[in-house]
Structures are given as C-alpha cells and as structure tokens.
Amino acid sequence: MGRRKLVVGNWKMNGMREHLGEVEAIGRVAAAHPSVEVGLCLPATLIMAGSERRGAAFIGAQNCHMDISGAYTGSLSAEMLAEAGATWVITGHSERREARGETNADIAAKSAAAHQAGLNVILCVGETLAVRDAGRAEQVVADQLLASLPEGAAADWLAVAYEPIWAIGTGRIPTMEAVAAMHAALRAALASRIGAEADRMRILYGGSMNGDNAADLLAIADVDGGLVGGASLSAKKFAPIIEAADQQMAAAA
Ligand code: PGA
C-alpha cells in the first residue's frame, strides 16, 4: 500500500490577483505537512502568478484541450498550461461533462494529451442522484472510469477523483459505507484494466469535503485524498483537511 495522500483544491471560476495571498498561505500549510501532497487547481489566469507563490503546494489547471495547438478559439493546450507553471490538470469534472458535453472519449484524449505535455492528471468520475437512487452507482461509475481512462494510465501521473454529482457544492455527502464501497469498486475496476498498478493509484473523494467530514472520509481504506471545491478557497478552511490527511499518514506509518 503506502499511497501518499493527495489533497487538491479546485477553485473553479473563483480567484483574482487579490486572492494570491491565499495561495501563498496554503503553500505554507503544505510545507508544514510534507507527508501530504497538496495542490491548487487555479483558474488559468492565476496559474502563472500562483506558481510563483505556491510554496510547497503544486499548481494545477482545471481543463485542457486534447490537441497540441490549432484553431480552437478560447481553448488552452496542456503544453501552454505546463509552460505557465501548472504541473497537474483536472479532466472530466462533472461541471464540464454536463455543461460542456464532454464524453468519456474526450476525457481519455485530454488526459493522454496532458500526460504527453508532462502534466499529471486528476480524472473525475461520478454519478447523478437518479443513478444513485436506482442502486446502479457503482456499476455506472466503474464503467465511466474505464471508458475515460487513457491508454497507459499509471499511478505516477494519474489519480482518479470520485465525485458524486449530487454532493458537489450541496453540503450533502454519501454515507461512509457508500464511499468505501464505491472506492473499492473503482479500485477493482482499475485492477481489471491495469493490474497491480491499481494498488498504487490514488482514488480521491470529492463533493462537499470540509474540515468537519475530512477525517472520517480520509480514514476509509481506499480514500487516498480529496478534491475540494468550496473549502479550498481559503487557507483557514483548507488547512483542517490537509491536517486530517497528515494525521492519516501518521496513523498509517
Ligand atoms: P465542492 O466541489 O467541494 O465545493 O463540493 C468539489 C468539486 O467540484 O471538485
């Protein structure tokens, strides 16, 4: 086992220059908890300035195009994001799958392009409430993961984030039993595709993770970290999650 906990903030469409002080403060929290890998996926406009003030946190992007360059008005390639200072990128976030019509094949292609450009990837999957209520969540999400997993996916450059869509930004989370069952199902699905590498791959939980629930979520055997939206916007709210991950690392050592 021995997977290093990975705690990543997703700032979504939030953050102006005036918020760079929070990036700096979170970078200091990361430095104080070296057992945990900490990052912030910033809006593209802050990646360059953020990467100069990141401390021990890495800076990531929230999306990339699947091509290297071309006539794609308004898009950014993985190479451009890497040059700006990003070392990670989120692919397949439900807010893009749903609102932008991104398919599993698009997400696999974006993830492969990101790897090609030297970026690490957080590949997101998750079910709707209707699917959860129908009792089909594990099957649907495992299928989604295998359909969006890029060729050659390996633990040293790709992590998975399980984010139930109905838990994002709502303050609601699944039961701990449901999270444990989902993460185990996703690891089994990964093993069916990539064999023993699945044991090294980190599977994050995302969706209303906060300082109050992080310790319980991060104590689940197959939960290797978190992808955090609202609670990552300030060091004050984000630090308790990083501390909870650090405590889990200490407990496992
Ligand atoms: P939330 O967002 O923590 O605000 O629910 C998580 C995400 O969408 O990555």
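At 5% relative accessibility, His-93 counts as buried, because the cut-off for buried is under 20%. The views below are taken from a predicted model.

**View 1. The annotated active-site pair, His-93 and Glu-163.** The "active site" annotation on these two residues comes from an unreviewed UniProt entry. They are spread over 71 residues of sequence but cluster in space, with a largest C-alpha distance of 8.4 Å. Of the pair, His-93 is included in the lining of the largest pocket.

**View 2. Surroundings of His-93.** His-93 sits in the loop that runs between strand S4 (88-91) and helix H4 (94-99). Setting aside residues up to four places away in sequence, His-93 touches Asn-10, Lys-12, Cys-124, Glu-163 and Ile-168.

**View 3. Surroundings of Glu-163.** Glu-163 is found in the loop between strand S6 (158-162) and helix H8 (176-194). Glu-163 has 6% relative accessibility and therefore counts as buried. Beyond its neighbours within four places in sequence, Glu-163 is in contact with His-93, Cys-124, Val-125, Gly-126, Glu-127, Ile-168, Gly-206, Gly-207 and Leu-227.

**View 4. The side-chain contact between Glu-163 and His-93.** The side chains of Glu-163 and His-93 make a polar contact at 3.2 Å. Cys-124 and Ile-168 are among the residues that touch His-93, and Cys-124 and Ile-168 are also among the contacts of Glu-163.

Methods: Residues are numbered from 1 along each chain as its sequence is written. This is a predicted model: local features need pLDDT of at least 70, side-chain atom pairs count only at pLDDT 80 or more; totals for chains, interfaces and linings use all residues. Side-chain values use heavy atoms; hydrogens and water are left out. UniProt positions are given in the numbering used here, feature names are shortened, and annotations may be inferred rather than shown by experiment. On a 1 Å grid over the protein atoms alone, a cavity is a set of points where a 1.4 Å probe fits but cannot get out, and a pocket is an open set with protein on both sides within 12 Å along at least five of seven lines; lining residues have an atom within 4 Å of a point. Helices (H or I, at least four residues) and strands (E, at least two) are DSSP runs, numbered from the N terminus. Buried means under 20% relative accessible area, exposed over 50%, partly exposed in between (1.4 Å probe, protein chains only). Contact means heavy atoms within 4.5 Å. A polar contact is a pair of N or O atoms within 3.5 Å; within protein, one must be able to donate a hydrogen and the other to accept it, and residues adjacent in sequence count only if both atoms are side-chain atoms.
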